[in-house]
Amino acid sequence: MIPYRVSKLRRMGPARLTAGLDDNRRLDLDTHYTIHRQLDGETVDGLIAMAEEVDLRGRGGAAFPFARKLRAVAAHTRTSDTVVLVNAAEGEPASMKDKMLLTRTPHLVLEGALLAASALDAKEVVIATPAGELAEGSMMAAVAERGLIGYVRVVGIQERFISGEGGALVKAVNGELGMPSGRKVRSSDSGVNGLPTLLSNTETFAQLALLAELGPQEYASVGTPQEPGTILLSVSGSVAAPTVVECTPGVPLAAVLDMCEARVGDGLLVGGYHGKWLSAADAYGAIVSRRGMSQSGGELGAGIIVPLGSDTCPLGETVRVAAYLAAQSAGQCGPCRMGLPSLARAMAELTVGTPGALDLVQQAATAVRGRGACFHPDGTSRFVLSALEAFADDVEEHRLNGTCGRPTKEVLPLPIADASDVRLVVDWTRCQGHGLCAHLVPELVKLDHHGYPVFIDSPVPSWAKSEAQRAVEMCPALALRIGAR
């Protein structure tokens with residue numbers, strides 16, 4: 001489970017998405033309508049026109065034009081029922097903004113979803129949230145406040161890194177295992193219960209409500225001409241406290257970092273664990289916008305900013321996340337089953353100065369890129385390769401000396417381990433180097449130059465647990481077991 005841990009809200013610009021939250025922990029329906037006006041219905045053509053006028057983009061990371069999604073679903077309304085699906089999965093460990101919206105201002109999200117549903121004459125609205133969290137309870141209470149139980153359905157799903165991928169989310173809502181399907185199926189053609197589905201991120205629907213409330217001209221009165229309005233940033237890592245920041249595109253990233261009392265140190269991560277590392281110099285010259293981050297070599301993505309500080313090992317932090325991403329894969333294709341564990345192991349070998357490890361990292365990253373059944377291998381490869389560039393001096397230090405002299409302090413947030421997280425563990429007093437485990441589960445084990453097993457430092461993925469158990473049972477020396485660590 002990834003905890004909701006926001007302790008602060010900050011702003012650089014007007015309070016729109018966060019309006020009213022200085023004085024209220026949560027906006028119930030009555031309080032919501034003292035801050036935001038009740039919206040009139042809009043036709044689907046009217047919503048499309050407004051979204052196109054301000055170029056409203058999805059805020060889940062891909063920045064896909066919202067008007068194109070809306071138009072694609074609207075094309076089916078004469079022949080089929082439709083569904084509106086709010087992607088509130090937020091499986092990215094470093095993201096907090098959607099949980100904040102769901103927990104503290106749920107009616108703004110609902111308002112946007114209901115606006116779209118009315119325009120599409122949708123059969124139902126589905127809000128997919130991590131199961132058992134405050135966000136789920138807050139949304140269920142908001143639906144009950146409006147008397148919409150039966151029309152708006154809140155679905156709690158298992159939270160994983162890939163749970164927010166569109167195909168995985170639809171499958172989870174449909175009662176299947178929440179994994180990417182491995183084939184491209186547009187939710188606008190077939191989504192919830194096989195119906196054309198308007199699927200977008202939590203913040204996107206909140207932005208749609210603001211756009212309808214303010215109108216395109218006032219909505220675009222802040223921000224940049226290319227990226228109007230405000231955006232939410234999740235700022236964690238080496239900062240005074242994890243913070244959600246509402247700011248206007250175009251502000252210097254340095255100003256956001258200073259406001260959050262960030263200690264950048266060697267650099268920072270932008271765009272999350274499928275994003276990119278930036279060196280400190282590039283970070284302080286960056287502008288907060290999609291275009292600005294791209295010009296500095298980064299990606300705004302879902303608005304995730306994680307300063308690293310100077311007390312932790314950058315490569316060690318990268319290895320932690322690379323191993324986590326390898327374990328979070330769906331295991332449906334070679335790049336995920338074999339490539340990502342190999343990439344994580346190569347990064348681990350680089351941190352201890354293994355000769356040739358740098359080449360192995362680059363080869364492993366190149367081997368998975370563009371070959372996966374979904375975008376998870378591409379994003380993981382991008383994350384790792386950007387570390388080699390942003391921390392080039394540190395890479396050289398590790399290559400020559402096997403260490404940079406700093407511990408890995410676990411600055412980058414990762415989910416709290418639960419009882420289902422198990423690892424392969426070896427009793428070295430028994431292991432005789434037979435190598436059978438590496439043959440049975442090559443995704444998790446490789447052999448060193450002496451023939452002894454080397455394990456990826458992450459939990460056994462769900463798709464590999466049966467193979468791992470088989471390796472334990474067949475170990476000739478009875479040296480292998482499955483344990484907590």
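**Buried and exposed: questions about a predicted chain**

Reader: Which residue just after α2 takes a positive phi?
Author: Helix α2 covers residues 44-53. Helices are DSSP runs of H or I with at least four residues, strands are runs of E with at least two, and both are numbered from the N terminus. Just after α2, a positive phi of about 50° belongs to Asp-55.

Reader: What pLDDT do local features need?
Author: Residues are numbered from 1 along each chain as its sequence is written, and side-chain values use heavy atoms, without hydrogens and water. In this predicted model, totals for chains, interfaces and linings use all residues, side-chain atom pairs count only at pLDDT 80 or more, and local features need pLDDT of at least 70.

Reader: What covers the buried residues of α2?
Author: Take the residues first: Val-44, Gly-46, Leu-47, Ile-48, Met-50 and Ala-51 of α2 are buried (under 20% relative accessible area; over 50% is exposed, in between partly exposed; 1.4 Å probe, protein chains only). Now look for contacts, meaning heavy atoms within 4.5 Å. The cover of these residues includes α3 (66-74), α5 (106-120) and α8 (202-219).

Reader: In what order do the four strands of the open sheet stand?
Author: Two strands pair if DSSP finds at least two bridges between them. Six bridges join β3 (residues 124-130) to β4, and five join β2 (residues 83-87) to β5. The pairing is parallel, and the order is β4-β3-β2-β5.

Reader: Which strands stand at the edges?
Author: Look for a strand with a single partner.

Reader: How many residues of β5 are buried?
Author: Strand β5 runs over residues 197-201.

Reader: Which residue in β5 stands opposite Leu-85?
Author: Follow β2 and β5, which run parallel. In β5, the residue opposite Leu-85 is Leu-199.

Reader: Which residue in β4 stands opposite Val-126?
Author: Move to β3 and β4, which also run parallel. In β4, the residue opposite Val-126 is Arg-153.

Reader: Is Glu-410 buried or exposed?
Author: Find Glu-410 in the loop between α16 (392-401) and β11 (423-426). Its phi is near 60°, positive in a residue other than glycine. With a relative accessible area of 55%, Glu-410 is exposed.

Reader: What is the relative accessibility of Leu-478?
Author: Leu-478 sits in the loop between α18 (465-474) and β14 (480-483). Leu-478 is not a glycine, yet its phi is positive, about 55°. Leu-478 counts as exposed, with a relative accessibility of 58%.

Reader: What percentage of contacts with a separation of 6 or more joins residues 24 or more positions apart?
Author: The protein chain holds 18 helices and 14 strands. Among its contacts with a separation of 6 or more, residues 24 or more positions apart account for 74%.

Reader: What is the radius of gyration of the protein chain?
Author: The C-alpha atoms fill a box of roughly 75 × 45 × 35 Å along the principal axes. The radius is taken over C-alpha atoms, and the globule rule is 2.2 Å times the number of residues to the power 0.38. A compact globule of 485 residues would have a radius near 23 Å. The protein chain agrees, at 23 Å.
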